[in-house]
Amino acid sequence: METNNKIKKRKLNLKKLTIFIIICIIIVCFVIFFSGEEKMVKSRYDKVFIIGIDAMDPKVTNKLINEGMLPNFLRLKEIGSFSKLNTILPAESPVAWTTIATGTNPGKHGLFDFITRNPENYLLGVSITKQKSRYSTKFESPVKGIPFWSITSDAKIPTTIIRWPATFPPDKVNGVMFSGEGVPDIRGFSSGYYIYTSEYFNKDEEKTIKVSVNDKIINSRVFGPLGTDRNPIEKPIQIKVDKDKAIIIVDDKEYPVKVGGWSDWIRIDFKVGFMKKVSAITKAYLFSVEPEFKMYLGPIQIDPENPVVDFTYPGKYSNELADAIGLYNTLGMPEDTNALNENAITDKVFLGQVAQIEDERNKMFWYEFNRFDKGLLAFVFDSGDRLQHMYWDEKNLFNVKEGLSVNKDVVDYYVKKDNLLGEVLNKIDNKTALMIFSDHGFTSFERAVSINTWLVENGFMTLTNDYNENDDGALFKFVDWSKTKAYSLGFAGIYINLKEREGQGIVEEAEKEEIINGIIKKLEDFRDPKNNQKVITHAYKREEIYHGDYVKDSPDIVIGFEPGYRMSWQSAIGGLTQEIVIDNLKKWKGDHIVDPSHVPGVLFTNFKTNNENPSLLDIAPTVLEILKIKIPKDIDGRSLIS
Amino acid sequence: MDYLDKLESRTIFIIREAYHEFKNIAMLWSIGKDSTSLLWMVRKAFFGKIPFPIMHIDTSYKIPEIYSFRDKYAKEWGLNLIISRNEEAIKNGVSPDKGRFECCNALKTEALKQAIKKYKFKALLLGIRRDEHGIRAKERYFSPRNQDFLWDYKNQPPELWDQFKSGSDDNSHIRVHPLLHWTELDIWKYVQRENIPITNLYFAKNGKRYRSLGCLPCCSLIESNASNVKEVVEELKTTRIAERSGRAQDKERAYMMQKLRSLGYM
């Protein structure tokens with residue numbers, strides 16, 4: 001019995017031991033599993049695939065997911081993660097996309113706004129299309145930080161970056177790069193169009209070209225590159241009209257177009273000098289022939305088959321792409337929001353244009369996707385931003401409705417992106433880390449705020465005697481610098497008129513802080529006279545929000561508006577309005593340049609992330625970590641997988 | 001050294017460098033004040049005996065005085081003068097009323113192309129300046145890509161398209177711009193000092209004069225009472241700068257507004 005008991009006991013011990021060992025193994029496994037998740041993510045993936053969807057908004061995304069309209073985004077959320085993505089101040093595409101690319105705050109990458117100033121003479125500039133000098137036709141990057149694609153390129157990782165905003169001129173990567181927002185039209189501008197019409201007109205003469213039909217023939221001109229006298233170079237065109245169609249003739253080539261339809265790509269070669277030509281492409285839309293002729297000619301863009309300035313790296317990539325998918329829009333922002341805003345085109349025409357742009361963008365997308373087998377591919381879609389600017393339905397200030405109302409064309413856009421994602425999810429292998437994100441979300445733009453007018457009314461800016469209230473005073477036309485302590489330009493900035501920094505500065509370094517504090521206090525207290533609502537969420541001292549070598553170039557104060565408010569266009573370009581806050585009556589009714597807390601973007605990944613509250617800064621380090629590259633110390637963000 | 005001496009010695013240096021570098025070169029002479037001044041300095045550079053041809057692109061539409069001036073001084077200075085015409089286009093009746101661009105292209109561009117091909121020139125000396133509109137920052141004396149000629153028919157400085165990647169049909173020759181650093185006023189002062197013969201088209205008759213010369217149909221007269229070199233210098237000194245800067249400012253403003261507006265964020 002004793003021996004039996006002993007045996008039993010021993011068996012029991014053995015059993016206990018086995019269980020103990022099993023438990024131990026399980027615990028060890030768990031420990032290894034959890035502590036090693038980072039390593040597993042890293043070792044699991046050998047490719048990073050980024051789909052940027054400019055301005056994809058979390059409110060709209062959540063609503064459409066809940067309504068079952070975005071099944072593939074839901075699927076991605078379930079496999080991996082979905083969260084808001086905190087954006088940056090100011091929440092503008094060039095600033096935000098550059099912050100994503102560098103993983104650093106603007107103080108380190110040097111891009112603070114669409115609009116820049118030359119402190120010496122208070123002249124304004126466009127940051128994303130930066131000429132090397134005033135009359136130069138060479139451009140330079142506005143970005144001073146190091147984007148992740150430069151780091152992956154240095155590490156010899158195949159790198160493809162398509163249509164990333166604020167990347168003109170393109171960087172030399174170990175692969176290809178196609179610059180996005182910032183690529184100019186043939187004149188060096190961000191957009192532009194012409195209306196050819198036989199109607200009586202008294203509208204914008206700059207953009208309206210009066211034509212007359214003689215014997216069914218119109219002789220007119222198109223306008224190309226600007227000479228140093230700032231006058232465009234012209235080229236004759238002929239249009240033969242018939243009842244419901246027309247034929248546009250340029251360089252003996254015929255381009256037919258029907259009433260209510262688009263022409264094919266029209267190629268125009270401008271002679272810019274002796275034996276030199278600049279090749280451009282554009283498309284026309286024919287509104288009517290009878291009783292009056294009316295035609296829209298879209299932006300005159302750099303010809304990808306004969307680019308006068310490279311917008312891709314290597315330069316021949318633009319040709320390669322044209323060979324693969326046909327001619328395509330090269331302009332940074334080809335969606336002609338200005339033409340729609342100025343009622344030169346109808347919604348139908350604008351949406352038709354957007355559809356064509358999306359169609360060619362999809363072709364580019366699949367062209368790159370189908371040959372993506374190593375390294376990094378980042379592809380940005382941005383028509384959604386333009387659509388939301390023009391068709392944003394939510395209101396925050398007036399006529400506020402219960403729940404979020406989303407325009408049908410905006411919904412369609414999100415659904416189309418969901419369809420695209422569905423195909424992607426079916427096609428990518430399990431070695432591909434997928435990240436989909438936006439640079440910011442959206443909100444309404446109901447009231448426009450002129451900070452320059454506010455500065456005048458609060459005694460920080462003084463106007464000259466020749467001030468005329470019927471003139472918007474753009475480019476600081478009426479500012480008396482000798483009596484001005486602060487001025488505003490761009491969509492969020494205020495600069496102190498500091499002695500020795502500004503051309504006609506009057507503020508001593510010692511009094512600067514006090515003036516800044518005074519402005520911030522008053523701005524944060526400022527209320528909209530129309531509804532007594534707070535206008536500004538926060539006004540920030542630059543040192544509070546930026547750090548790094550280029551903080552010196554940023555505005556001294558950066559404004560974060562409440563939803564519904566945005567800087568007025570007049571004030572953004574150094575002008576004034578008669579009242580500080582005015583109604584925005586334009587078609588451009590959505591915007592995002594408000595306090596970043598109101599307009600986060602979205603982040604979807606096909607892997608679990610370690611942070612429920614990620615920001616734009618965290619993308620670059622995550623990309624580098626997945627690709628097993630050491631994250632530079634200078635990066636402000638943190639990897640989402642470590 | 002006097003200011004004009006400095007300008008001159010820089011130009012002569014470039015002329016000699018160009019000849020030394022390329023040997024098979026030619027100078028384009030439009031018979032205007034700039035290229036005639038350039039020719040003057042080319043003669044100085046080689047002590048009166050120019051070792052390469054001087055080429056005149058003859059569109060057949062030049063102002064009659066230009067032809068007589070050309071022939072007179074070609075003889076007097078012993079120039080090896082090449083006259084290039086696009087005979088075929090002239091025969092086919094290409095003319096400015098059928099379009100300035102077409103006309104310039106056929107009669108200037110094509111004629112020059114034909115000549116370059118025929119004589120296999122490796123480089124051409126051109127009398128272009130970059131003084132107006134303050135664009136000196138980007139000056140380049142030797143430009144393999146600069147194909148501009150707009151100065152000849154419009155009184156404006158050359159475009160900066162040479163900064164762009166070349167879209168040119170013919171890259172086989174180099175353009176050399178020895179006068180790049182001269183201003184319109186400098187040229188006139190130099191003409192005055194050196195007593196360079198200049199066609200009298202530049203001097204006022206009945207209150208009007210040519211400010212730049214090209215083809216008769218495409219050249220317009222400006223209001224002026226300056227009837228000799230001295231008076232032209234005086235006129236440029238007193239009126240030009242103030243008048244131009246005002247206009248340039250308005251244009252700059254309009255340009256800036258257009259550029260900013262094109263952003264779309266209105």
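Visitor: Where does Pro314(A) lie?

Guide: Pro314(A) lies in the loop between strand E21 (312-313) and helix H8 (317-325) of chain A. Helices (H or I, at least four residues) and strands (E, at least two) are DSSP runs, numbered from the N terminus. The model is predicted: local features need pLDDT of at least 70, side-chain atom pairs count only at pLDDT 80 or more, and totals for chains, interfaces and linings use all residues. Residues are numbered from 1 along each chain as its sequence is written, while chains are lettered from A and ligands numbered from 1 in the order in which they are written.

Visitor: Which backbone features deserve attention in such loops?

Guide: Most residues other than glycine have a negative phi, and most peptide bonds are trans. Here the peptide bond from Tyr313(A) to Pro314(A) is cis, with omega near -10 degrees. Another cis peptide bond, with omega about -10 degrees, joins Leu89(A) and Pro90(A); Pro90(A) is in the loop between E2 and helix H5 (93-102) of chain A.

Visitor: What is the phi of Ala55(A), and is Ala55(A) buried or exposed?

Guide: Phi of Ala55(A) is near 70 degrees, a positive value in a residue other than glycine. Ala55(A) lies in the loop between strand E1 (47-53) and helix H3 (58-66) of chain A. A residue is buried if 20 or more other C-beta atoms lie within 10 Å of its own, exposed if 12 or fewer, and partly exposed in between, with C-beta atoms placed from the backbone. Ala55(A) counts as buried because it has 30 C-beta neighbours inside 10 Å. Lys216(A), also not a glycine, has a positive phi of about 65 degrees and is found in the loop between E10 and strand E11 (217-226) of chain A. Lys216(A) is exposed, with 12 other C-beta atoms within 10 Å.

Visitor: How does E9(A) pair with E19(A) and with E10(A)?

Guide: Strand E9 (residues 194-197) runs antiparallel to strand E19 (residues 294-297) of chain A, and four bridges join them. Tyr196(A) has Met295(A) as its bridge partner in E19(A), and Thr197(A) stands opposite Lys294(A). With E10(A), strand E9(A) pairs in the parallel sense over three bridges; there Ile195(A) has Thr208(A) as its bridge partner.

Visitor: Which way do the side chains of a strand point?

Guide: In a regular strand the side chains alternate between the two faces of the sheet. In E9(A), Tyr194(A) and Tyr196(A) point one way and Ile195(A) and Thr197(A) the other, and all are buried.

Visitor: How many residues of strand E2 of chain A are buried?

Guide: Four of the five residues in strand E2 (residues 81-85) of chain A are buried. E2(A) runs antiparallel to strand E32 (residues 601-605) of chain A, joined by five bridges, and Ser81(A) has Thr605(A) as its bridge partner.

Visitor: How is a helix pair described, and at what angle do H10 and H11 of chain A cross?

Guide: Axes are lines fitted to C-alpha atoms, for helices over the stretch in contact, and angles run from 0 to 180 degrees between N-to-C directions. The axes of helix H10 (residues 347-369) and helix H11 (residues 383-391) of chain A come within 10 Å and cross at roughly 165 degrees. That makes H10(A) roughly antiparallel to H11(A) (angles under 35 degrees count as roughly parallel, over 145 as roughly antiparallel, 65 to 115 as roughly perpendicular and the rest as oblique).

Visitor: Which residues of H10(A) and H11(A) meet?

Guide: Val354(A), Ile357(A) and Glu358(A) in H10(A) meet Ser383(A), Arg386(A) and Leu387(A) in H11(A), where contact requires C-beta atoms, placed from the backbone, to lie within 7 Å.

Definitions and conventions
Two strands pair if DSSP finds at least two bridges between them. Two residues are in contact if their C-beta atoms, placed from the backbone, lie within 7 Å.
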